[in-house]
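Colleague: I would like to learn how to read a model of this kind. Could we go through one feature by feature?

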Amino acid sequence: IRFSREMPKSLEDENFYLLYQPQVDLKTSKIISVEALVRWKHPELGIVSPLDFISIAEETGFIVPLGRWVLSTACRALRELSDLQYDDVRIAINLSSRQFRDPELLNMIRQALHRYRIDPARLELEITETLLMQDIDLAISTLTELQQLGVTVAIDDFGIGYSSFNYLKTLPINVLKVDREFIKDIPDHLDDMEITAAIISMAHRLKMKVVAEGIETDVQKVFLEEHHCDVGQGYLFSKPVPLDELFEQLAQQH
Ligand code: G
Ligand code: G
Ligand code: MN
Ligand code: NA
């Protein structure tokens with residue numbers, strides 16, 4: 001209740017900011033994209049995690065203006081990356097259920113891309129499978145329009161929600177993000193390794209790229225490389241960082 005009153009004011013006061021977590025091409029070890037993750041600098045409580053405010057923002061509808069701000073901030077960052085000649089780096093943003101159902105979503109994305117002169121393919125939208133399953137017909141029509149617009153669509157937290165293999169053949173999806181749940185116990189849990197290897201192979205057969213989330217150790221990275229996972233994300237490579245720190249990381253790899 002407190003947060004629901006405070007959040008709109010905080011957006012005006014510019015107390016929300018984005019961190020960017022690098023996603024690394026496992027073949028070249030280069031950063032090819034980043035996931036934008038929102039943070040709230042609360043005037044009294046300090047940094048608040050999205051885990052503690054996204055669901056409230058969903059309920060109150062504040063997620064819509066917040067999501068618009070995330071989108072436009074990410075597109076501005078894409079423009080800055082282009083101006084620094086990092087034209088091949090993409091940004092992924094997370095979409096929640098209410099944003100996905102917002103009839104203005106497509107227009108909002110179109111406008112942000114146009115305003116900052118961004119190649120649509122450089123914007124990736126992360127959507128959870130649970131969200132897709134809520135209304136499969138809406139998912140089909142929205143994802144089809146997004147694909148026509150040229151943006152990239154990723155399924156976030158793949159493997160832990162209520163999902164169905166059926167949607168994978170029906171929906172235009174470009175990327176599967178294997179949930180950290182399957183990665184964190186590699187190499188101790190053989191079942192997780194089998195499932196991860198199977199997800200990667202299935203995704204490739206369906207012409208999708210695979211991102212593994214939450215990679216923390218070299219052993220996990222090597223396992224994923226050996227199973228031809230395309231992209232890695234996790235503390236082994238980098239925690240989520242501010243934009244200027246991302247620029248430093250990019251400068252160092254050239
Ligand atoms: O940043 P962190 O790893 O703490 O993120 C926690 C959760 O918050 C993740 O599930 C992530 O998807 C979600 N999240 C982070 N930023 C955003 C955002 O801008 N919009 C939405 N809808 N969810 C976000
Ligand atoms: O749910 P989603 O995948 O959008 O959110 C990513 C979350 O995972 C963020 O809260 C981010 O800070 C966190 N995260 C990213 N890399 C790692 C990691 O290597 N280990 C752990 N424990 N969490 C991570
Ligand atoms: Mn995500
Ligand atoms: Na995830």
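Colleague: What does the secondary structure of the chain come to?

Modeller: This is a predicted model. Its chain holds twelve helices and nine strands.

Colleague: What radius of gyration does the chain have, against that of a compact globule?

Modeller: A compact globule with 254 residues would have a radius of gyration near 18 Å, and the chain has 18 Å, so the two agree. The C-alpha trace spans about 50 × 45 × 35 Å along its principal axes. Of the 254 residues, 37% are buried. Among contacts with a separation of 6 or more, 65% join residues 24 or more positions apart.

Colleague: How are two packed helices described?

Modeller: By the angle between their axes and the distance between the axes. Here, helix H1 (residues 2–12) packs on helix H2 (residues 50–60) at about 85 degrees, and the axes are 10 Å apart. An angle of 65 to 115 degrees counts as roughly perpendicular, so H1 is roughly perpendicular to H2.

Colleague: Which residues make the contact?

Modeller: H1 contributes Phe3, Ser4 and Met7, while H2 contributes Phe53, Ile56, Ala57 and Thr60. By class, five are nonpolar, two are polar and none is charged.

Colleague: Which residues surround ligand 1?

Modeller: Among them are Leu37, Val38, Ser49, Ile54, Val70, Asn94 and Pro240. Strand S2 (31–42), H2 and strand S4 (90–94) each supply at least two residues of this shell, and H2 gives the most, with three.

Colleague: How does the shell around ligand 1 divide by class?

Modeller: It has nine nonpolar residues, three polar ones and no charged ones.

How values were computed: Residues are numbered from 1 along each chain as its sequence is written. Chains are lettered from A and ligands numbered from 1 in the order in which they are written. This is a predicted model: local features need pLDDT of at least 70, side-chain atom pairs count only at pLDDT 80 or more; totals for chains, interfaces and linings use all residues. Helices (H or I, at least four residues) and strands (E, at least two) are DSSP runs, numbered from the N terminus. The radius of gyration is taken over C-alpha atoms; the globule rule is 2.2 Å times the number of residues to the power 0.38. A residue is buried if 20 or more other C-beta atoms lie within 10 Å of its own, exposed if 12 or fewer, and partly exposed in between; C-beta atoms are placed from the backbone. Two residues are in contact if their C-beta atoms, placed from the backbone, lie within 7 Å. Axes are lines fitted to C-alpha atoms, for helices over the stretch in contact, and angles run from 0 to 180 degrees between N-to-C directions. Angles under 35 degrees count as roughly parallel, over 145 as roughly antiparallel, 65 to 115 as roughly perpendicular and the rest as oblique. Ala, Val, Leu, Ile, Met, Phe, Trp, Tyr, Cys and Pro count as nonpolar, Asp, Glu, Lys and Arg as charged, and the others, Gly among them, as polar. A residue is near a molecule or strand if its C-beta atom, placed from the backbone, lies within 6 Å of it.
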